[in-house]
Amino acid sequence: MLIRNATLPDGRTGIDLLVHEGRFAAIGPALPAPAGVPVLDAEGWLLSPPFVDAHFHLDATLSHGLPRVNASGTLLEGIALWGELKPQLTQDALVERALTYCDWAVARGLLAIRSHVDVCDDRLLAVEALLQVRERVRPYLDLQLVAFPQDGVLRAPNALATLQRALDMGVDVVGGIPHFERTMAEGADSVRLLCEIAAQRGLRVDMHCDESDDPLSRHVETLAFHTQRLGLQGRVTGSHLTSMHSMDNYYVSKLLPLMAEAQLHAVANPLINITLQGRHDSYPRRRGMTRVPELLAAGVNVAFGHDCVMDPWYALGSADMLEVAAMGLHVAQMTSQAQMRSCFDAVTVNAARVLGLEGYGLEVGCHADAVLLQARSPVEAIRLRAARLAVLRRGQVVARSAPATAQMALPGRPAAVDFTLGR
Ligand code: FE2
């Protein structure tokens, strides 16, 4: 395939991309078209590497209302509700919902997802289901699974054993939830233990870490410490980190360089953080998202995740990573041109670094995976939640959407004016 006349996220325009055997073979202006090669005319629209979601829960997605809705809309009721739903889960239903969500994802140009999977279930039904889904979607979507002990690896009976079993079965990444353990000390011990398991097995780590409004929660410091002690630099992610929002500024000035030194990745989940945090506050009410601009300035790689779509914690969402980027931009007040641009990176290149994706990007030799957006720049894509005109996987078009337009019929104006929404 030859893609003609694309605008790239770095601002280059009029660029052609030649695909050979599923990878980009040449990129530049006015490339000659080899005989018989199909041409996709990008018409000057923005071609981006695909969206990547660095933090999701595919075992819970699309279960909204089962067995009942979250009446308070809080994190703790969500966890309790998930506990009620777990015994009722069936493998077929889990597989079906996860596959449906992956269809939504592909349609939105989201071609790689890191999903946590709850391992606090002796049957490991969800693990088996998502391992099956990982294989089924492999031709069109990279699914990376995290062994997530939702009820606490030390707090829940058998959780350590089931987590190890899940890893034996082929789950990719070691998860954790230190702030949910019984004490701060047990939380710290869980971080040590889980990092040691990852080091022994040669795996990456991604923990739900300090997902509270407690300004004294200190688990990310412990995570950075064990990352360095065990030589796991660049392979460990702290997800949520919402306590950092509420921490003392002096302490954060010490913490940020420690995180950078350990090459930790940070994942904020703007849609979820802004709805679940600060719920014990009256007014003023904290936003609760981690300190994204400060982390970036300290040299920490930051990605945004969707976290939840229509599940016990969040009744909204549609696999649209541009919605996630837009919310992150607003909550973090990242409104300079460079900051808005970096919110696009947070759902593309930065997230790909979190997952450690091989061959990601619009470079010669990379996989020919891309999304063609009805926008002229990354910032415009965020502003418009731009239509995904075409989605490419290994050089094949796997999804198309119609451009966003409206036919107008306004009194006093020429009949049937065509109007491209927002442009
Ligand atoms: Fe999560």
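In this predicted model, the site of the iron ion is irregular, with angles of 85 to 177° among its four donor atoms. Four donors count as tetrahedral if all angles lie between 85 and 135 degrees, and the range at the iron ion extends to 177°. The ion is coordinated by the NE2 atoms of His55, His57 and His208 and by an OD atom of Asp307, at 2.2 to 2.5 Å. Along the sequence, these donor residues follow the spacing H-x1-H-x150-H-x98-D.

The strands of the model include an open sheet of four, arranged in the order S5-S14-S15-S16 with antiparallel pairing. Strand S5 (46-48) and strand S16 (396-400) each have a single partner strand and stand at the edges, so one side of each is left without a neighbour in the sheet. From one strand to the next, the twist averages 20°. Within this order, strand S14 (residues 370-373) and strand S15 (residues 388-393) are joined by four bridges in the antiparallel sense. Val371 has Val391 in S15 as its bridge partner.

Further pairing involves strand S1 (residues 2-6). Strand S1 runs parallel to strand S4 (residues 39-41), and three bridges join the two. Here Arg4 has Asp41 in S4 as its bridge partner. Strand S1 also pairs with strand S2 (residues 15-20), in the antiparallel sense and over three bridges. In this pairing, Ile3 stands opposite Leu17 in S2.

Notes
Residues are numbered from 1 along each chain as its sequence is written. This is a predicted model: local features need pLDDT of at least 70, side-chain atom pairs count only at pLDDT 80 or more; totals for chains, interfaces and linings use all residues. Side-chain values use heavy atoms; hydrogens and water are left out. Donors are N, O and S atoms within 2.8 Å of the metal (3.2 Å for Na, K and Ca); water is not among the atoms, so sites may look incomplete. Four donors count as tetrahedral if all angles lie between 85 and 135 degrees; four count as square planar and six as octahedral if opposite donors are over 155 degrees apart and all others between 65 and 115; anything else is irregular. Two strands pair if DSSP finds at least two bridges between them. Axes are lines fitted to C-alpha atoms, for helices over the stretch in contact, and angles run from 0 to 180 degrees between N-to-C directions.
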